Amino acid sequence: MKFFADSADIAELRACHDMGLVDGVTTNPSIIAKSGRKIREVIAEICSFVEGPVSAEVAALDFDGMVREGSELSAIAKNVAVKVPLTPAGLKACRHFREKDVMVNVTLCFSANQALLAAKAGATFISPFVGRLDDIGLPGMDLIGEIRTIYDNYGFDTNILAASMRTVNHIKEAALIGADYATAPPAVLKALYSHPLTDKGIESFLADWKKSGQSI
Ligand code: G3P
């Protein structure tokens, strides 16, 4: 499974990148707004040190607007993936960009049928939002399993990018099901390293080493 960091905070992204946790980056209009920076500038800075796909989302809702905005965004760097919403115009824009060999991340997916449509439109990534389904009392992770089955049934090569991952358990479950990618905030990615028994083990080994009086 590859990891995308869901953030536009450069310091956080660099820290995660140094820890080997960044195979790519995802952003959305809320994340860009939170950064307080202009989208072109912040996406360009992310692409200057992240080699993998960097998703930048259009804000337009109509096909022409999405094509105009998506073209601007994809011109920033070769590794920009244009992010479009799962609407008829979004999937039409997806076909347009895929014909031009531009990566497309189809976002705001909440059903298996939506994911099927995105795959038929040639999406590079489909982003099912697990946490937001959980928020309304629906089993978000079931959607990842349904999409995996459907894509495998028909040999679609669209990558399942499990999104709205809020916990390390989300990531583990998505990996067990076979999602190709997961995107999560840097804090969740960094928490993948953590286990209290690792900390406890280091503490006791160090104490015993000190008692031994040895050095290496
Ligand atoms: O970037 C899309 C997605 O990961 C958003 O997550 O936590 O805002 O539902 P969240």
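This is a predicted model: local features need pLDDT of at least 70, side-chain atom pairs count only at pLDDT 80 or more; totals for chains, interfaces and linings use all residues.
Biologist: What is the phi of Asp101 like?
Modeller: Although Asp101 is not a glycine, its phi is positive, at about 65°.

Biologist: And is Asp101 buried or exposed?
Modeller: Asp101 is exposed, because its relative accessible area is 65%, which is over the 50% needed for that label.

Biologist: What about Ser164, where is that found and what is its phi?
Modeller: Ser164 is found in the loop between S7 and H9, and it has a positive phi of about 55° although it is not a glycine. Ser164 counts as buried, since its relative accessibility is 11%.

Biologist: Moving to salt bridges, how many are there?
Modeller: The count comes to nine salt bridges. One of them joins Arg166 to Asp135, with the closest N and O atoms 3.1 Å apart.

Biologist: Which parts does the pair of Arg166 and Asp135 tie together?
Modeller: Arg166 lies in the loop between strand S7 (159–162) and helix H9 (168–177), while Asp135 is in helix H7 (residues 130–135), so this pair ties together parts that are 31 residues apart in sequence. Arg166 is partly exposed, with a relative accessible area of 40%, whereas Asp135 is exposed at 53%.

Biologist: Which residue does Asp152 meet in a salt bridge?
Modeller: The side chain of Asp152 meets that of Arg148, at 3.1 Å from N to O. These two residues are about one helical turn apart, because they are four residues apart in helix H8.

Biologist: What is the distance between Asp180 and Arg148?
Modeller: Asp180 also forms a salt bridge with Arg148, and there the closest N and O atoms are 3.2 Å apart.

Biologist: Which residues are linked in a network of salt bridges?
Modeller: Arg37, Glu41 and Glu45 are linked in such a network.

Biologist: Let's turn to the core; which residues of the largest nonpolar core touch the most other members?
Modeller: Among the 62 residues of the largest nonpolar core, those touching the most other members are Ile46, Val84, Val106, Ile126 and Met165. Helix H8 (residues 140–154) gives the most to this core, with six residues. In soluble globular proteins, nonpolar side chains tend to be buried together.

Biologist: What is Val106 in contact with?
Modeller: Setting aside neighbours within four places in sequence, Val106 is in contact with Val84, Leu86, Leu91, Cys94, Ala118, Ala123, Phe125, Ile126 and Ser127.

Biologist: I also noticed Lys83; where is it found, and is it buried or exposed?
Modeller: Lys83 is found in strand S4 (residues 80–85), and it counts as buried because its relative accessibility is 4%. Leaving out neighbours within four places in sequence, the contacts of Lys83 include Thr26, Asn28, Glu57, Asn105 and Thr107.

Biologist: How much space lies in the largest pocket, and which residues lie nearest its centre?
Modeller: The largest pocket holds about 490 Å³ of space. It is lined by 25 residues, and Asp6, Ser7, Ile31, Lys34 and Pro185 lie nearest its centre. Two or more lining residues come from each of helix H1 (10–18), helix H2 (29–35), strand S8 (181–184) and helix H10 (186–191), with H2 giving the largest share, four residues. By class, the lining of the largest pocket divides into 10 nonpolar, seven polar and eight charged residues.

Biologist: And how much space lies in the second largest pocket?
Modeller: About 180 Å³ of space lies in the second largest pocket, and the residues lining it include Pro29, Arg40, Glu57, Arg68 and Glu72. Helix H3 (39–47) and helix H4 (63–74) are the elements that give two or more residues to this lining, and the largest share, four residues, comes from H4.

Definitions and conventions
Residues are numbered from 1 along each chain as its sequence is written. Side-chain values use heavy atoms; hydrogens and water are left out. Buried means under 20% relative accessible area, exposed over 50%, partly exposed in between (1.4 Å probe, protein chains only). Contact means heavy atoms within 4.5 Å. A nonpolar core is a set of buried Ala, Val, Leu, Ile, Met, Phe, Trp, Tyr and Cys residues joined through side-chain atoms within 4.5 Å. On a 1 Å grid over the protein atoms alone, a cavity is a set of points where a 1.4 Å probe fits but cannot get out, and a pocket is an open set with protein on both sides within 12 Å along at least five of seven lines; lining residues have an atom within 4 Å of a point. Grid points are joined across faces, edges and corners, and a volume is the space filled by probe spheres set on the points. Ala, Val, Leu, Ile, Met, Phe, Trp, Tyr, Cys and Pro count as nonpolar, Asp, Glu, Lys and Arg as charged, and the others, Gly among them, as polar. A salt bridge is a side-chain nitrogen of Lys or Arg within 4 Å of a carboxyl oxygen of Asp or Glu.
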